[in-house]
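Work through the exercises below with the coordinates open. Try each task before reading its solution.

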Amino acid sequence: QVQLVESGGGLVQAGGSLRLCCAATGSISSINAMRWFRQGLGKQRELVAAIVSGGRTIYADSVKGRFTISTNNTKNTVYLQKNSLKPEDTAVYYCNADVRALSLPVRAYWGQGTQVTVSS
């Protein structure tokens, strides 16, 4: 059983910073990619940032230069450092990962989501 457990959301003023954390636990053989999505109220879920095999990072245009995605040494935890936050960054942030559990095929897993609210 694989789980993605997120933490680090909360309320912050515009211009402030937050760091989200997502830890993958369970019988994990490998993780191919880890991503952060977000979904604002009444909006579609969108990709915010991703880190893929080889350490390549991808960012949405709206967060480039403000957000940084990274992993720990074992690469089973992904972080999203968010600086210069804006009210439009308010959303539920979801962790997503492509995980091979034991000898099973790779599949996508999702975290439960963590609320980030940026006040103006």
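**Exercise 1. Charges over rings**

Find the ring that the charged end of arginine 45 sits over, and do likewise for arginine 107.

Solution. Start with the criterion: NZ of Lys or CZ of Arg must be within 6 Å of the ring centre and within 35 degrees of the ring normal. For arginine 45, the ring belongs to tyrosine 94, and the distance to its centre is 3.8 Å. For arginine 107, the ring is that of tyrosine 109, with 3.9 Å to the centre.

The model is predicted: local features need pLDDT of at least 70, side-chain atom pairs count only at pLDDT 80 or more, and totals for chains, interfaces and linings use all residues. Residues are numbered from 1 along each chain as its sequence is written, and side-chain values use heavy atoms, with hydrogens and water left out.

**Exercise 2. Aromatic pairs**

Count the aromatic pairs and classify each one.

Solution. Rings of Phe, Tyr and Trp (its six-membered ring) pair if their centres lie within 6.5 Å; planes under 30 degrees apart are stacked, over 60 edge-to-face, and the rest tilted. The count is two.

Step 1. Phenylalanine 37 and tryptophan 110 have ring centres 5.0 Å apart and planes at 55°, so this pair is tilted. Phenylalanine 37 is in strand β4 (residues 28-39) and tryptophan 110 in strand β10 (residues 107-110), so the contact ties together parts 73 residues apart in sequence. Strands here are DSSP runs (E, at least two residues), numbered from the N terminus.

Step 2. Check accessibility: buried means under 20% relative accessible area, exposed over 50%, partly exposed in between (1.4 Å probe, protein chains only). Phenylalanine 37 is buried at 16%. Tryptophan 110 is partly exposed at 39%.

Step 3. Tyrosine 94 and tryptophan 110 are edge-to-face, at 6.5 Å between centres and 80° between planes. Tyrosine 94 is buried at 15%.

Step 4. Join the pairs: Phe37, Tyr94 and Trp110 form a cluster.

**Exercise 3. The disulfide**

Which cysteines form a disulfide, and what is the handedness of the bond?

Solution. Look for cysteine sulfur atoms within 2.5 Å of each other. Cysteine 22 and cysteine 95 form it, with 2.1 Å between their sulfurs. The S-S torsion is about -80°, so the disulfide is left-handed. Cysteine 22 sits in strand β3 (residues 18-25) and cysteine 95 in strand β9, 73 residues apart. Both cysteine 22 and cysteine 95 are buried.

Now rule out cysteine 21. Its sulfur is 7.1 Å from the closest cysteine sulfur, in cysteine 22, too far for a bond.

**Exercise 4. Salt bridges**

How many salt bridges are there? Describe some of them, with accessibilities.

Solution. The test is a side-chain nitrogen of Lys or Arg within 4 Å of a carboxyl oxygen of Asp or Glu. Five salt bridges pass.

Step 1. Aspartate 98 pairs with arginine 35, closest N and O at 2.6 Å. Aspartate 98 is in strand β9 and arginine 35 in strand β4, so the bridge ties together parts 63 residues apart in sequence. Aspartate 98 is buried at 18%.

Step 2. Aspartate 89 meets arginine 38 at 2.9 Å, N to O. Aspartate 89 is buried at 1%, and arginine 38 is buried at 6%.

Step 3. Lysine 64 and aspartate 61 bridge at 3.1 Å, N to O. Lysine 64 and aspartate 61 are both exposed.

Step 4. Trace the network: salt bridges link Arg38, Glu46, Arg66 and Asp89.

Notes. Helix = DSSP H or I, 4+ residues; strand = E, 2+ residues; numbered from the N terminus.
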